[in-house]
Amino acid sequence: MWRARTGSVDLSRARGEVYTPVTVSRSSSVLSVRRERARKAALDAVAAWHARFDPRDALSRDPLRFARRYAEKRDREVVAMLSALMAFGRVSIIGARLEVLFSRLGPSPAGRAMNASRDELLQLLGSFKHRTFRGEDIALLVHAMGVLLRRDGGLYVSLERAYEETRDLRESLGRWTDSLRALAWPEGATRSARHLLPDPRGPSASKRLNLLLRWVARPDDGIDLGLSRLPTSALLVPVDVHVHRIARNLGFTARNDASWRTAEEITAVLRTLSSEDPVRYDMALCHLGIARQCPSKRDPVRCDGCALRDVCVHWK
């Protein structure tokens with residue numbers, strides 16, 4: 001009686017099956033090695049740039065600077081959220097409009113949010129505008145923030161609870177924004193209100209919400225604020241046009257869209273530098289993009305002196 005012996009008989013042939021050997025071409029293997037080396041070089045360059053980058057100088061131009069003007073934790077919570085949500089457009093214009101907004105809210109934005117009525121906030125902020133953001137929507141959102149502050153003692157407590165339940169950043173962020181929307185616009189959010197406070201479950205990268213999470217979840221290092229117990233390892237890089245273009249130029253993603261999936265891909269690469277705090281590199285990358293207006297093709301003038309030029313795909 002014939003018996004098959006592992007290692008001495010090709011069982012697929014004995015059964016009459018077609019045997020197709022799996023082969024890996026030498027060219028594919030070489031290409032993979034080259035890609036890994038290029039990525040390693042790009043990551044080394046990012047780490048080197050981060051080490052040289054002066055965050056305190058950048059803070060003077062960053063919307064985050066407004067939250068650091070306040071000593072009270074609740075004021076910082078409110079100001080950080082409003083600053084992040086309005087971080088849309090040119091940096092200089094964002095700063096000018098935030099100056100106006102916080103001058104109207106007075107010395108304690110959190111106190112105003114908790115103690116002023118809806119009508120008082122509408123009267124105070126109704127005429128304010130920044131790009132597509134309307135003062136009426138901002139007033140109603142501030143009122144909703146006041147409700148959370150009175151109920152929970154902090155603006156991000158319910159977000160932390162949602163994350164503890166789900167261990168899913170996107171879903172917990174979605175639940176938190178759902179609750180704020182329901183308080184601010186109980187009859188349903190308008191298009192402009194949905195733009196002010198977006199749903200992270202949508203197709204975009206939710207850059208402004210992820211920017212807020214970086215500010216409040218990373219430890220207070222004189223730059224970020226350390227206002228939330230969310231783990232930094234769970235955060236995603238806030239992907240705006242600058243970070244997206246730099247990430248593509250470095251080979252961290254090939255995706256053309258600024259989507260949540262793109263943010264996950266970029267963060268996964270940066271996580272190889274710091275698994276516990278991958279978004280620590282965001283400020284350095286973002287301000288490099290803002291300062292040099294990082295192009296999507298080789299540009300000798302705009303690329304001159306760029307810290308990442310030697311590892312950019314357009315200069316190889």
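Where does R131 lie?

1. R131 is found in the loop between β1 (129-130) and β2 (133-134). Strands here are DSSP runs of E with at least two residues, helices are runs of H or I with at least four residues, and both are numbered from the N terminus. The model is predicted: local features need pLDDT of at least 70, side-chain atom pairs count only at pLDDT 80 or more, and totals for chains, interfaces and linings use all residues. Residues are numbered from 1 along each chain as its sequence is written, and side-chain values use heavy atoms, with hydrogens and water left out.

2. R131 is not a glycine, yet it has a positive phi of about 50°. Its relative accessible area is 48%, so R131 is partly exposed (buried means under 20% relative accessible area, exposed over 50%, and partly exposed in between, with a 1.4 Å probe and protein chains only).

3. S206 also deserves a look. This residue, which is other than glycine, has a positive phi near 50°. S206 sits in the loop between α11 (191-196) and α12 (207-217). Its relative accessibility is 4%, so S206 counts as buried.

4. Helix α7 (residues 118-125) packs with helix α8 (residues 135-152) at an angle of about 145°, and their axes are 8 Å apart. The axes are lines fitted to C-alpha atoms, for helices over the stretch in contact, and the angles run from 0 to 180 degrees between N-to-C directions. The crossing of α7 and α8 is right-handed; a crossing has this hand if the near helix is turned clockwise from the far one by less than a right angle, and is left-handed if anticlockwise. On the α7 side the contact is made by R118, L121, L122 and L125, and on the α8 side by G135, E136, I138, A139, L140, V142 and H143. Contact means heavy atoms within 4.5 Å. These residues of the contact of α7 with α8 comprise seven nonpolar, two polar and two charged (Ala, Val, Leu, Ile, Met, Phe, Trp, Tyr, Cys and Pro count as nonpolar, Asp, Glu, Lys and Arg as charged, and the others, Gly among them, as polar).

5. Helix α8 has a further partner. Helix α4 (residues 73-85) and α8 pack at about 145°, with axes 11 Å apart. The crossing of α4 and α8 is right-handed. From α4 the contact involves R74, E77, V78, M81, L82 and L85, and from α8 it involves I138, L141, V142, M145 and L149. The residues of the contact of α4 with α8 include nine nonpolar, no polar and two charged.

6. D152 is also part of helix α8. At 17% relative accessibility, D152 is buried. Apart from neighbours within four places in sequence, D152 is in contact with V157, S158 and R161.

7. V279 lies in the loop between α14 (260-270) and α15 (282-292), and is buried at 1% relative accessible area. Once neighbours within four places in sequence are set aside, its contacts are R214, R218, L235, L236 and V237. The C-alpha atoms of V279 and P238 are 8.2 Å apart in space, while the two residues are 41 residues apart in sequence.

8. C312 is buried at 9% relative accessible area, and C286 is buried at 13%.
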